[in-house]
Protein chains: 2
Amino acid sequence: MLKQVSIVLIETSHPGNIGAAARAMMNMGLEKLVLVRPHKFPSATATARASGAVKVLAEARVCDTLDEALQDTRLVLGASARSRSIAWPECDPENASQKISAVNGEAAILFGREHSGLNNEELDRCHQLLKIPTNPTFSSLNVASAVQVMAYEMRCLWLKMQQNEANEAEQNGQVAQSEQHIPASSELMDGFYQHLEQTLIDVDYLDPEKPRRLMRRLHRLFNRAAPSDTEINILRGILTAAQKQSK
Amino acid sequence: MLKQVSIVLIETSHPGNIGAAARAMMNMGLEKLVLVRPHKFPSATATARASGAVKVLAEARVCDTLDEALQDTRLVLGASARSRSIAWPECDPENASQKISAVNGEAAILFGREHSGLNNEELDRCHQLLKIPTNPTFSSLNVASAVQVMAYEMRCLWLKMQQNEANEAEQNGQVAQSEQHIPASSELMDGFYQHLEQTLIDVDYLDPEKPRRLMRRLHRLFNRAAPSDTEINILRGILTAAQKQSK
């Protein structure tokens with residue numbers, strides 16, 4: 001579980017925060033750091049603040065786009081301090097850790113800019129928002145502190161799982177691997193959303209001039225369902241059938 | 001509970017860590033910072049890293065001795081990364097929070113020097129050691145990160161306690177009507193599924209002779225999303241638009 005989570009820092013301004021995040025990750029057993037357009041990296045300040053977590057920094061992936069950062073990712077969570085006007089599905093760190101452990105594939109947690117967090121396009125990529133409980137009158141966590149809290153919760157859950165496994169192994173025999181629900185990757189979901197948007201235009205439901213609000217609502221709805229690969233194929237089959245009628 | 005805990009930093013070398021600890025505390029609703037022989041305080045670096053948590057810094061008590069810092073304290077916990085040769089009683093952050101909430105008086109958590117932690121005389125003052133679970137091969141947390149994790153756990157417990165109180169109050173008071181995600185009723189869902197089935201027939205996607213298996217899959221998918229009334233209206237709007245094209 002800890003090896004399947006990427007911490008994605010977007011347009012981080014202060015290299016010190018990158019270093020502190022790397023240290024927090026390694027302290028908790030996380031390894032995959034992804035930096036989208038960092039203002040300055042590599043940096044001596046980052047290395048100093050990493051305080052020995054050089055492996056995480058050295059292996060960090062630097063990306064130009066979020067698409068690149070989220071390749072092969074099946075679950076995307078976005079850390080958010082603010083409450084949004086449209087109610088996105090939210091989870092707390094404990095809950096988020098459970099979702100990550102259940103995903104059976106790569107997961108990513110996005111952490112936004114120091115002063116402005118994640119923008120709407122980035123939020124659209126998130127299946128859920130991660131909300132760390134804070135003092136409402138002073139709610140903005142340092143980005144590395146947010147990484148620390150989330151990494152800590154993941155480690156706590158991981159330790160619990162290890163403990164449970166040890167207990168089960170003791171009772172001997174293997175646990176049957178059941179046929180599980182595996183959510184589709186971000187790429188598949190993106191393809192679906194593009195297809196959906198085009199179909200809604202084709203059937204005259206969506207005004208191509210102002211698609212944003214409706215599409216955001218639909219993102220929210222389908223991200224909540226977290227369709228599997230098969231389900232995405234069915235949904236796209238339906239969209240294609242509807243498009244044929246509109247010719 | 002949050003007001004009764006002092007965070008005691010002993011001989012902190014880097015003023016940045018003092019500022020970051022103050023921010024972490026205020027983020028989680030803690031107020032009492034005690035500094036025992038800080039190398040440099042006040043400091044512009046501390047103020048910058050506190051990022052607005054100036055109240056905590058301004059009200060910090062600076063002490064020459066640990067005795068002075070621990071006046072009137074009923075429970076003392078000491079944060080420790082190392083396992084000690086003498087087995088001190090240990091607790092994790094969750095457990096530590098419970099002890100603090102139970103103490104019914106002032107509590108303090110000691111955080112030692114960046115490089116050497118707490119010394120034996122300081123450990124002698126502790127009722128228990130606080131051990132934050134970490135990666136055994138890279139276990140030394142930044143001092144402000146350790147404060148962050150512990151403050152977060154205390155807030156989580158405090159929120160649970162508030163919630164329990166609220167639940168109790170609700171049982172003879174009123175139920176708060178919050179603007180939440182409320183799933184649509186089964187009638188609305190039934191209407192939607194009938195509409196969906198008819199549309200799939202109209203656009204030639206579904207064979208009306210054997211609709212069962214596909215419809216069961218779609219039930220499972222949309223039930224998982226648990227659409228709200230508004231979302232059902234949007235989905236039915238889309239179905240109607242698709243049906244119009246198929247005439």
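Which side chain meets B:Glu231 in a salt bridge? The partner is A:Arg224, at 2.6 Å from N to O, where a salt bridge is a side-chain nitrogen of Lys or Arg within 4 Å of a carboxyl oxygen of Asp or Glu.

## About the model

This is a predicted model, in which local features need pLDDT of at least 70 and side-chain atom pairs count only at pLDDT 80 or more, while totals for chains, interfaces and linings use all residues. Residues are numbered from 1 along each chain as its sequence is written, chains are lettered from A and ligands numbered from 1 in the order in which they are written, and side-chain values use heavy atoms, with hydrogens and water left out.

## Salt bridges between the chains

Back to the opening pair: B:Glu231 and A:Arg224 are both buried (under 20% relative accessible area; exposed is over 50%, partly exposed in between; 1.4 Å probe, protein chains only). B:Glu231 also meets A:Arg220 in a salt bridge, at 3.8 Å from N to O. Between chain A and chain B there are 3 salt bridges.

## Salt bridges within a chain

Over all chains, the whole structure holds 22 salt bridges. One of them joins A:Asp124 and A:Arg216, with their closest N and O atoms 3.1 Å apart. This pair links distant parts of the chain, from helix 6 (residues 120–124) to helix 9 (residues 212–225) of chain A, 92 residues apart; helices (H or I, at least four residues) and strands (E, at least two) are DSSP runs, numbered from the N terminus. Both A:Asp124 and A:Arg216 are buried.

In chain B, B:Arg113 and B:Glu11 form a salt bridge, and their closest N and O atoms lie 2.9 Å apart. Here the link runs between two loops of chain B: B:Arg113 sits between strand 6 (106–111) and helix 6 (120–124), and B:Glu11 between strand 1 (5–10) and helix 1 (15–28), 102 residues apart. B:Arg113 counts as buried because its relative accessible area is 16%, whereas B:Glu11 is partly exposed because its value is 21%. Over in chain A, salt bridges with shared partners join A:Glu11, A:Arg37, A:Arg113 and A:Glu122 into one network.

## The interface as a whole

Chain A and chain B each bring 57 residues to the contact (heavy atoms within 4.5 Å). Together they bury about 4600 Å², 62% of it on carbon and sulfur atoms; buried area is the accessible area (1.4 Å probe) that two parts lose on being put together, summed over both. A:Phe138, A:Tyr152 and A:Gln245 supply 16% of the area that chain A buries against chain B, more than any other three residues.
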